[in-house]
Amino acid sequence: MHNKLNRRDFIKTTSITSLSVATIASGITLTTFAQRKNPVTNAKRWGMLVDTNKLTETDIDSMVDACQKEQGWGGEKYSIGNQKPTWIRKLKVKDKATGKISNLPLMCQHCEHPPCVDVCPTNASMRREDGIVLVDKHLCIGCRYCMMACPYDARSFVHENLTEQKEHMPRGKGTVESCTLCVHKVDNGEQPACVVRVNSEAVIFGDLYDPNSKINQTLKKIQSTQIRADLNLNTGVRYSGI
Amino acid sequence: MYHWPIIFLNLLLATTLAYATEQTSLGDEARMIQASGKKHHGSESLIRKMHPEFLLHKRDRTSREGVRTKKHSLKNCVYCHANKDKKTNQYYSVNKSGQFCSVCHQKVSVSIDCFACHRNTPSKGANNAQ
Amino acid sequence: MAFDSGDFMNIRYQQIQGNSLGFYTLIAGLGVFILAALGAFYYMEYQGHWVTGMNNRIVWGMPHVFALFLIVAASGALNVASIASIFNKKIYQSLSRLSGLVALALLAGGLMVLVLDLGRPDRLIVAMTKYNFKSIFAWNIILYNGFFVIVGVYLWMMFERRMNKFSTKVGLIAFSWRLILTTGTGSIFGLLVARHTYDAMIMAPQFIVMSFSFGLAFYLLILMASYKWTNRELGDVIINRLRSLLGVFVAAVLYFVAVFHIGNIYLAENNNVATLLFSTDSIYTNLFWYGQIILGSIVPLALIYHPVFKQSNSMLGLASVLVIVGGLVQMYVLIIGGQAYPLEIFLDKEILEGYGGVIVYTPSLAETTLGVGGVALALIAIVFLLKFLPFLPESLSNKVADPHYKR
């Protein structure tokens, strides 16, 4: 056997190490061990609240960076210009009336009534019961109609062959992709990578329905908006300060 | 109980074609389990015959319903069934010609597209086996 | 029923011979285009779409221009047969078989391009088995498949003498189906609420008149070419009918385009798009005015109606070619131009950085080759079937077209 380590020993050492790491790092890491066994239900609706007044430009850049690191996009070799995927982008906007300038991150808004899902011929674009809008890449035929339909231009098409994808985020040529709200982490009880990276009041993630959640309570207190509220899509991502 | 002859044949092959077997073998992790006398899949013939159904079912459960258990997860197949090149200490891709997810498929000329997206080597520091 | 089988009797249909050098040259020439298209497809598929001019803003490029043009033209090519069935115009009855053939061939060409431009054409089976009934696109897939079946049956009714008596009814079904089909194609764009460049239900009727015009132009060219190249007689009774029909259709398209854009100018939120097309510095503006309006509409109208050109079949042929070219340009302006302009993500804010700008799309050779291959596929199918089945009346002389014709 090439491996000198006996398996039992190996398990023993690794468990002891990880246990001690877990203990040191306390509560946060412990929650990561919960794995979802049952289908998600509509008892929850995941959402995000972005406070543009608290968010600096560097914060937004770091959100983009965290997303790239977590999901593994941005390192495409051949795609140029607008061919490069953009799961999340930084926008600088100026209010036409007041002239106020704000910066904000824009990604899939996880609509309750997503136009991308309506137009998808194969049901690849889908909204999970808990409100997360995803592409089921196993059904995606790459027709790009969802990209035509999205009011936020939040989706990208993979223009080239990829290798060395992240294990939790398979991506491949010829299919459409977008922000997943880090569904692989959320299902295991964690927060999306960008939220973790900013790590402040500026971006709150949680269950919109749960009256005890921070996002629910904050939304009750402060004034927030949805982008393109006129389309009545009831987005899961909300903004305040713009 | 026809897996004994298979294992026997495997071992036989392993001694005669030492280098070639390294590639055609079961995968490092799986081989370790096998060597320890344990079994992972309840029945070998079942996994051999039914793994497409298992995988596709799991695929839908995970990507559409968020079920993230390890059973029949593709990540885990890769984790157990990937082989390392002893010299470079790098994993071979599981779907590379001669590797686990490829040998049988080549024989029956099935081609799978899964690894256009899914990682075909275990990621660093992965420990998914169960 | 106004016609009896006797009416059919005096029209004799005959395959084309298809053994001349010209015939084989034509087949070979079209074959080269098809092979080139398959090569282009393989290249784009193997490399990925980065080798095309498309990107995440212009998600539908040149292949879609050709594909949608062909699909729209396909339903329009059926019109001649529809006129025969619905209005029971005997003069058009002799032209019905070819009409069905051209319709099927154009649709096949268009669908080939559409499918080969998918990101995962290998998953076509998914598209055929998993339907989202909320999706216009999924409905279109059903409508296209249905069109093949219905027009196929319709052709059978026309070919098989004992079935002739049903051909009117089936023709009616085919006509309704094609209206729905084109409405569906138009709605692909018309129902995109997010895009102010499209979102307008006028798209559906506009696509229908476009189909009348493009389809008839195709039909006319094929009719004239096949009669000329096989030395059969094609009298001016038929040609003149079709000529004035084409004129009406081209004018109707022009009318719809005018209504669409004037509507846009008056709707405040669509102002920017109007500027896109009517300001002078964008390629889409030039294409719109010079390609679509002048070359594709005004010049053909002149060729059709001006007394100097009126007698000439070649001028009618030229007019048809221009209608087709103008139609492609119109599709280009509609599809590409419609995506080139950034979305209005904020209604009350201006985006300073991070998104925006009018995209200039440069189609790659491969994309255009694929699109042209679709046209070639349609033509080769027509040429082959004309050889193997009797689609064309032996003669369409004035006497055949209209027994009461007097010089």
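## A buried serine

Ser397(C) counts as buried because its relative accessibility is 9%, and the cut-off for buried is under 20%. Keep in mind that this is a predicted model.

Where does Ser397(C) sit in chain C? Look in the loop that links strand S3 (392-393) to helix H16 (398-401). Leaving aside residues up to four places away in sequence, Ser397(C) touches Glu233(C) and Gly235(C).

## Two crossing helices

Next up is a helix pair in chain C: H6 (residues 96-116) and H10 (residues 203-229). Their axes come within 10 Å and cross at roughly 120°, and the crossing of H6(C) and H10(C) is right-handed.

So who meets whom at this contact? H6(C) brings Leu98(C), Ser99(C), Val102(C) and Leu106(C), while H10(C) brings Phe218(C), Tyr219(C), Ile222(C) and Leu223(C). Sorted by class, that contact comes out at 7 nonpolar residues, 1 polar and no charged ones.

## Where chains A and C meet

Now zoom out to the interface of chain A and chain C. Here 54 residues of chain A are in contact with 53 residues of chain C. About 4600 Å² of area is buried between chain A and chain C, with carbon and sulfur atoms giving 57% of that area.

How many salt bridges does the rule find across the interface of chain A and chain C? The count is 4.

Terms used: Residues are numbered from 1 along each chain as its sequence is written. Chains are lettered from A and ligands numbered from 1 in the order in which they are written. This is a predicted model: local features need pLDDT of at least 70, side-chain atom pairs count only at pLDDT 80 or more; totals for chains, interfaces and linings use all residues. Side-chain values use heavy atoms; hydrogens and water are left out. Helices (H or I, at least four residues) and strands (E, at least two) are DSSP runs, numbered from the N terminus. Buried means under 20% relative accessible area, exposed over 50%, partly exposed in between (1.4 Å probe, protein chains only). Contact means heavy atoms within 4.5 Å. Axes are lines fitted to C-alpha atoms, for helices over the stretch in contact, and angles run from 0 to 180 degrees between N-to-C directions. A crossing is left-handed if the near helix is turned anticlockwise from the far one by less than a right angle, and right-handed if clockwise. Ala, Val, Leu, Ile, Met, Phe, Trp, Tyr, Cys and Pro count as nonpolar, Asp, Glu, Lys and Arg as charged, and the others, Gly among them, as polar. Buried area is the accessible area (1.4 Å probe) that two parts lose on being put together, summed over both. A salt bridge is a side-chain nitrogen of Lys or Arg within 4 Å of a carboxyl oxygen of Asp or Glu.
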